[in-house]
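Take a moment with the sequence and the model shown here. We will walk through the structure piece by piece.

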Amino acid sequence: MTPALTRRAVLHAGAATLAFGLISPRSLWAASSGMLVNDITQLNPIRVARIFVPRTTADICQALASSTGTVSIGGGCYSMGGQIAIEDSLHLDMRGFNQVVHFAPQHKMIRVQAGMRWRDLQAVIDPHDLSVKIMQSFATFTVGGALSVNAHGRYVGAGPVINSVRAVQVVLADGSPVEASRTANPALFYAAIGGYGAVGVITEVELDLTANVAMERQVNVMPVADYPTFFSEGIRGDQQAILHNADLIPPYFDQATAVTWRATDKPVTITERLVPPGRAYRLNEWLMWSFARLPGGALLRKDVVDPWRLRAHPVVWRNYEASADVASLGPIATPGSTYALQEYFVPVAQFAAFVPRMAAILRQYHVAAINVSIRHAPAAPEALLSWARDEVFSFVLYYWQATAADDCAAVGVWTRALIDEALAAGGTYYLSYQLHATQQQFVRGYPGAARLFAVKAQVDPQQRFQNKLWNKYHAP
C-alpha cells in the first residue's frame, strides 16, 4: 500500500504557488457563463458556468486559488460518458496548454504540458529518432487525457500508459502544484493516473521514450479458438513484435485476424515518417458507413475489403503507424446517430469462455457492432483504478447506435449484460465510455475506488473536482 500524501507536502507545494506570479495575459476566459461542452459522441451536452483556457501552470494555480465551486477538466474530449464536465463548473479546456517543458533526447525522456496532443509530441521527438513508448492507437488525444484514463494501445508487453510515466505535476483544489512519482507522493501519483480528474489537474507529464524503428506488418488469420495459443507462443515473448492486435468481425466471431508489426532491417516502403495532419479520408468514411449500415456490410468487409487491405507487407516507421488520426474513422457523430466504443478486460485464462458469451449478447440485442479489437496487457495493479489487476486480454468494441432516448436506454441494457459477463470472468470494464454500469457493477469492477476516494478526501476535501462519472459513482 502506498503511503498517504502528507499535509506537510501539500503545504510546502502550496507555498511554491506564490513563485508563479500573476495570471498570464495570454490566458483566456474563453466563454461567458452558461456555455455547453460535449464529447466526441455529442451524447453528453453539459452547460458549465465558465470555460477557462490556461496557457501556463500559473494560470491553473491562480484560477483554482481565486475561485470556489466545482471544477471539471477536458482535453480532446474523447471519453464518451460525461467524464469531461459537470453542470455549473469552472471548466478547464486544456488544449491550449500544450508546450514542451523539457526534452532530453540523450536520456530518452520528455516532459510536456498535459494538453499537448500525442501528434504534436511526435513532431518534436521524431527528428531525434525517438518514439512514444505507450499511447493509444490514434495520436489525436491529449497526453493528460491519456493519463487520466490510464490508456493503453497495441504495444506488446507494455500495458497501460502509467508504465511509461516517470512523474507528473498535479495542481490540487487549493491551487497548489505537487510533484508526484513512484517515490514522491506516490499515493497522489497512483490516484491521478487513471483517476479521471478526481484528485486534481494533471499539468505536466514526464515520459519515457523509446527508439523509432522500422516495422513490417504481418497478418495471420485463424479460428478464434486458436488465438490464445498463437499469442502465447508467437507474440508474447517475441522481442521484435512491437504492435499487435487481433480483430473479430461481427457477427462472425469464429475467426480472428491477427495483425503484428515487427521490427525489421528492411527499407521502409512508406517514406513518410509521420502521418500528415489534415488528410481527407473519404474512402474510409464510406467503408465505415457501409460496414455499419448496409445489408451485408460485414460480409463485404470479411470477404473483400479486409483481405484486400491487408494483402501487402508494408514497412513503415513506428512513428508513422503511431500517428494515425481519428479522422480516418470518418465523422463520429451525425444527426440522430453516433459511433461509440466500449471495452472489457478479462483474465487471459477466461478468453475462451468470454468470447462466445460476448457474441451471444451482441447477437441477442442486435447490436450494430462493427469491430472487436483484441489487445493484451500484463498485470499492472499499481493505479488505484487499475483495469489490469491481472494479465488480461481486452476487447475493444466499436459500434453504431441511434441517439434517441429509447435507443440510449437500449444500449444500457446490453452494456450491463456485457459488464456482468466480464465481472463473472474475474475482469472489469473501461470507465472512459458511457455510464451505463450500475453502482454495484462499478464497486465490483473497481475495488480500488475506496482508496482513490480516501486520497480525494485528503487533497480535495471540498469535493471541487467533479464530472458526470464521479457525480454518479461518488456523489459528494
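Helices (H or I, at least four residues) and strands (E, at least two) are DSSP runs, numbered from the N terminus. With those labels we can find our way. Gly96 lies in the loop between strand E6 and strand E7, and E7 spans residues 100-104. With 14% relative accessibility, Gly96 counts as buried, because the cut-off is under 20%. Which residues does Gly96 touch, once neighbours within four places in sequence are left aside? They are Val53, Pro54 and Arg55. Now look along the chain to His474. Gly96 and His474 are 378 residues apart in sequence. In space, their C-alpha atoms are 29 Å apart.

The mean pLDDT of the protein chain is 93, and 93% of its residues reach 70 or more. Residues 1-27 are another matter: there the pLDDT is below 50. Beyond near neighbours in sequence, this stretch still has 43 contacts in the model. Where pLDDT is low, the predicted coordinates should not be read in detail.

Next, step into strand E6 itself. E6 covers residues 90-93, and His91 lies in it. Is His91 buried or exposed? His91 is buried, at 3% relative accessibility. Its contacts, not counting residues up to four places away in sequence, include Val37, Val48, Arg50, Ile51 and Phe52. Ser72, Ile73, Gly74, Ile84 and Ala85 also touch His91.

E10 runs over residues 165-171, and Val165 is in it. The relative accessible area of Val165 is 2%, so Val165 is buried. Leaving aside neighbours within four places in sequence, Val165 is in contact with Leu147, Arg182, Phe189 and Ile193, among others. Val205, Glu206 and Leu207 are also among its contacts. Met109 sits 56 residues from Val165 along the chain. The C-alpha atoms of Val165 and Met109 are separated by 9.7 Å.

Some loops have backbone details to look at. Asn150 lies in the loop between helix H4 (143-148) and E10. Asn150 is not a glycine, yet its phi is positive, at about 50°. Asn150 is buried, with a relative accessible area of 2%. Asp129 also has a positive phi, about 55°, although it is not a glycine. The place of Asp129 is the loop between helix H3 (118-125) and strand E9 (130-132). Is Asp129 buried or partly exposed? Asp129 is partly exposed, at 40% relative accessibility. Then go to Pro251, in the loop between strand E14 (241-249) and strand E15 (252-263). The peptide bond from Pro250 to Pro251 is cis, with omega near 5°.

Helix H7 (residues 282-293) meets helix H8 (residues 297-309) at an angle of about 125°. Their axes are 6 Å apart. H7 and H8 are therefore oblique to each other. From H7, the contact uses Leu287, Ser290 and Phe291. From H8 come Gly297, Ala298, Arg301 and Val305. By class, this contact has four nonpolar, two polar and one charged residues.

How do helices H10 and H11 compare in direction: roughly parallel or roughly antiparallel? H10 covers residues 351-364 and H11 covers residues 405-424. They pack at an angle of about 170°, with their axes 10 Å apart. Angles over 145 degrees count as roughly antiparallel, so that is the label for H10 and H11. H10 brings Phe354, Arg357, Met358, Ile361 and Leu362 to the contact. H11 brings Trp414, Ala417, Leu418, Glu421 and Ala422. By class, the contact of H10 with H11 has eight nonpolar, no polar and two charged residues.

Finish with helix H13, residues 449-459. Which of its residues are buried? They are Ala449, Leu452, Phe453, Val455, Lys456 and Val459. These residues cover an arc of only 160° around the axis, which puts them on the same side of H13. What covers them? The cover includes helix H5 (186-192), helix H12 (439-445) and helix H14 (468-473).

Methods. Residues are numbered from 1 along each chain as its sequence is written. This is a predicted model: local features need pLDDT of at least 70, side-chain atom pairs count only at pLDDT 80 or more; totals for chains, interfaces and linings use all residues. Side-chain values use heavy atoms; hydrogens and water are left out. Axes are lines fitted to C-alpha atoms, for helices over the stretch in contact, and angles run from 0 to 180 degrees between N-to-C directions. Angles under 35 degrees count as roughly parallel, over 145 as roughly antiparallel, 65 to 115 as roughly perpendicular and the rest as oblique. Contact means heavy atoms within 4.5 Å. Ala, Val, Leu, Ile, Met, Phe, Trp, Tyr, Cys and Pro count as nonpolar, Asp, Glu, Lys and Arg as charged, and the others, Gly among them, as polar. pLDDT is the predictor's confidence in each residue, from 0 to 100. Buried means under 20% relative accessible area, exposed over 50%, partly exposed in between (1.4 Å probe, protein chains only). The arc is that of the directions from the helix axis to the C-beta atoms.
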